[in-house]
Amino acid sequence: MSKPSTSPSSATDQPNETLVEVEGLKKYYGEAGRFSGPPVKAVDGVTFNIEEGETLGLVGESGSGKTTLGRTLIQLETATEGRVSFSGQDITKLSGDELKQWRKNAQIVFQDPESSLNDRMTVGELVREPLDAHDWKSPADRREKVRSLLSAVGLQEDHYFRYPHQFSGGQRQRIGIARALALEPDFLVLDEPVSALDASVQAKILNLLEDLQEEFGLTYLFIAHDLSVVRHICDRVAVMYLGKIMEIGETEELYTDAQNPYTKSLLSAIPRPDPTSERTRITLPGTPPSPRDPPEGCQFSTRCPAKIRPEQFADLNDDTWDAIEQFREVVRERTRLDVGVRDRMKRQLGVFSKFDDIEAAATELFDDVETPPAVETPIQTAIEHVKDGYPGRARNHLKAEFGGVCDTQRPEMHPVSASGRLSYCHRHSDEYADVDTTLERRTDGH
Ligand code: ADP
Ligand code: MG
């Protein structure tokens, strides 16, 4: 789908078939229970396809759910909800021998070549292990296969009897790749395969992966934590934040014309060769929320520089609005602090003091900005709630007073280009398309 399908006249182009279809996929860790709190929503409803022979990049900050998504795609984790199909077959329903047989088709290469290989096994044994586990052909065939794999990944035959610790990081990653290819899979999850390597070695491994893709007709999900690595190797890129795909589409388009505010801020953080060149670097406020307690509206809403203001505050001074957003973040931080038994006793006695600093924070933030009563009153109320030991109430009060659509409603995936790029943001819906935002004002030179 990412590439135009062929017309009968252009017979040289292969039409692209969809290999992987992911629909509404969720992976939660830990059950919600009386004592355990809410589950970790590592992957929280993602839908996308991967075409045969394609490399789809998956990018996002640490903890955004990339590894979990990769592992769930190939059934190393059981999906909590949703569907994963390979060539039309739903693999989330497989078990036992069917699952074991299917597993041959999809393998994973891990980030850390230092710890992902068993140091007690020789290189030959490591690469042969999957063949042994699946009782692949005869022992002689297996030896022959291992030799050809070693050569395919650029290792020598006489490496067969050496141990992984005798190799450099790049060579160890070659061993990991050879092992992943042993059972002749169609699909590989490459989980940050070059993140632990030096830049010069990175380039060699990336070239190797491209050559192998061509030679064996492989399809890749290529995971990376920043956008700079994947640009040249991926056909399309998906950008992930807090368990959600924020934007997905053709690589060059996404880099040159990002539509989602999160993609824009990630791109703005890539160091440029020429630091004097014109660009506004967007620094995201606050920290990513916990995946146990993601924002109710858009996952990115608590940090988004392009957040839509509610109408009644459209004309409010920018500095005041910034102060409100920062104050809300301070309050959210307080909701993450535990209120222990001793604190609860103090609260009952009316001598609660743990959160007294909230007043100082408010003074600091609002001292130099205009605060009309519509701002002042709710802030005051929130301060009281926090001081009483109820930061959750304060958070909800602020959301009710200052929250807009981004705080309260999940966006949809909107088409944002002719090639089928999608972006998860309220700003793309007609209703909010013209809304002026802080992001625009900031990137226009403020
Ligand atoms: P990424 O690869 O993008 O860094 P991960 O998929 O490793 O992100 O993790 C996503 C979230 O899920 C994180 O908050 C992480 O702590 C949590 N997580 C990952 N694996 C587990 C697990 N086995 N049990 C509980 N939480 C997990
Ligand atoms: Mg990871």
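Visitor: What makes strand 3 count as mostly covered?

Guide: In this predicted model, 5 of the 5 residues of strand 3 are buried; since buried means under 20% relative accessible area, each of those residues falls below that cut-off, and strand 3 is therefore called mostly covered.

Visitor: Which residues point which way from strand 3, and are they buried or exposed?

Guide: Thr55, Gly57 and Val59 point one way, whereas Leu56 and Leu58 point the other way, and all are buried, so the residues on either side have under 20% relative accessible area.

Visitor: How do you know that strand 3 pairs with strand 8?

Guide: Pairing requires at least two bridges, and 5 bridges join strand 3 (residues 55-59) to strand 8 (residues 219-224), so the two are paired, and they run parallel. Within this pair, Leu56 has Leu221 of strand 8 as its bridge partner, while Gly57 stands opposite Phe222.

Visitor: Why are strand 6 and strand 11 called edge strands?

Guide: The sheet is an open one of 8 strands in the order 6-7-8-3-9-10-12-11, with mixed pairing. Strand 6 (106-109) and strand 11 (413-415) each pair on one side only, and that is what makes them the edge strands. Neighbouring strands of this sheet are turned by 20° against each other on average, direction ignored.

Visitor: What makes helix 1 a helix that lies across strand 3, and which other strands does helix 1 lie across?

Guide: Contact here means heavy atoms within 4.5 Å, and helix 1 (residues 66-73) lies across strand 3, strand 6, strand 7 (187-191), strand 8 and strand 9 (236-241), running at about 160° to strand 8. Helix 9 (residues 261-268) also lies across strand 3, together with strand 9 and strand 10 (244-250), and runs at about 100° to strand 9.

Definitions and conventions. Residues numbered from 1 in each chain as written. Chains lettered and ligands numbered in written order. Predicted model: local features only at pLDDT ≥ 70, side-chain atom pairs only at ≥ 80, totals over all residues. Heavy atoms only, no water. Helix = DSSP H or I, 4+ residues; strand = E, 2+ residues; numbered from the N terminus. Axes fitted to C-alpha atoms, helices over the stretch in contact; angles between N-to-C directions. Buried < 20%, exposed > 50% of the residue type's maximum accessible area, 1.4 Å probe, protein only.
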